[in-house]
Amino acid sequence: MTPVPLFDRPVIYFTVAALLLAIGVFGLLRRRTLIGMLISGELIFSGASLNLMAFNRFKAPDPAVGQIFVLFIMGLAAAEIAIALSIILAVYRNYRSVKTRELTELKG
Amino acid sequence: MPTFPASTMIVGGVFLLCAATTVAGALIAALTARIIRSVCGLMICCLGLAGLYYFLHSPFLALMEILIYVGAVCVTIIFAVMLAEPEESVQDDKRASAVLWGGFAFLICAAIFWGLWQLGAHHDWTAPATRVNDGSVEAIGKSLLTTYSLAFELISLALLVAIVGALAIARTGRSKP
């Protein structure tokens, strides 16, 4: 019996997805501009999509469902990017900055 | 059936390359100081992710990942970078509070990764007994037009609302000519 090839082991996909989520959360906490936080959010989206696809490939009875779900996630991510970037541009027009530290109205 | 010599090794190497590309791109996206490099890291990450989708028997999603993320999302972010010049200053990294919060964030993320990895590696997920279809593009298309037709229409509506909303938000505040 031949050993299971590397790309047929679900644990590797789970590990990569967990790494993507962890790196995304780290970037979300550490970034100091709105666009950087948006990019980290995209990494979290990617981790969720990869996790869903791994479960879809190895554990789901209907392999089409996970692909459709991930397709919808991509569509919603595109919509979210469009809205978020227009909000960022509106913020930049008002404050002349997208650094989260400087986006304050009150002193102190 | 004649096979190419060492094809198993080559396929395994390509798979490891895809996984390493994904993780390396994510690290570049999260850790570099310049935002434009961060966007390039996101592009690299999405290219690796497309390869992983291909290995998960879904060439359709691999194509969509490159088309939507690399082709649309990253290019849109680059437009915003050019318009809003979001440069992070390097001096802020040197302060004690920044280092402290960075370490705190690292601890949180290490805990998240460790917990998820334990769950994924050691839980006994049950595999399905039968598959109802083969997960091909044909099966996806049939599902999209029958079972998930309502969700399919709703996603197009959501995209339309997002486009109109983005135009409306970006327009306010602009001074009249």
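Reader: What makes you say that the reach of α3(B) is close to the one expected?
Author: Happy to explain: the helix has 26 residues and reaches 36 Å from its first C-alpha to its last, close to an expected 38 Å. The expected span is 1.5 Å times one less than the number of residues. Before we go on, this is a predicted model, in which local features need pLDDT of at least 70 and side-chain atom pairs count only at pLDDT 80 or more, while totals for chains, interfaces and linings use all residues. Residues are numbered from 1 along each chain as its sequence is written, and chains are lettered from A and ligands numbered from 1 in the order in which they are written.

Reader: Where is the kink in α3(B), and why is it called one?
Author: The kink is centred on B:Tyr69 and comes to about 25°. That value is the angle between axes fitted to the seven residues ending at a residue and the seven starting there. After α3(B) comes B:Glu85, with a positive phi near 40°.

Reader: Which residues of α3(B) are called buried, and why?
Author: Among them are B:Leu61, B:Glu65, B:Tyr69 and B:Ile77. B:Ile77, for one, touches A:Ile35, A:Leu38, A:Ile39, A:Leu85 and B:Val39, leaving aside residues up to four places away in sequence. Contact here means C-beta atoms, placed from the backbone, within 7 Å.

Reader: What makes the largest nonpolar core a core?
Author: A core is a set of buried Ala, Val, Leu, Ile, Met, Phe, Trp, Tyr and Cys residues joined through C-beta atoms within 7 Å. The largest such set has 67 residues, and B:Ile77 and A:Ile35 are among those with the most contacts inside it. α3(A) gives the most, with 14 residues. At least three residues come from each of domain 1 (10-90) and domain 2 (135-177) of chain B. Those bounds come from an automatic or database domain assignment, and the two centres, taken over C-alpha atoms, are 23 Å apart.

Reader: How many residues does each chain bring to the contact between them?
Author: Chain A brings 65 and chain B 76. On the side of chain A, α3(A) supplies the largest share, 25 residues.

Reader: Why is chain A called more spread out than a compact globule?
Author: Its radius of gyration is 19 Å, well over the 13 Å that the globule rule gives for 108 residues, so chain A is more spread out than such a globule. The radius is taken over C-alpha atoms, and the rule is 2.2 Å times the number of residues to the power 0.38. Its C-alpha atoms fill a box of roughly 70 × 25 × 15 Å along the principal axes.

Key: Buried ≥ 20, exposed ≤ 12 C-beta atoms within 10 Å, placed from the backbone. Helix = DSSP H or I, 4+ residues; strand = E, 2+ residues; numbered from the N terminus. Contact = placed C-beta atoms within 7 Å.
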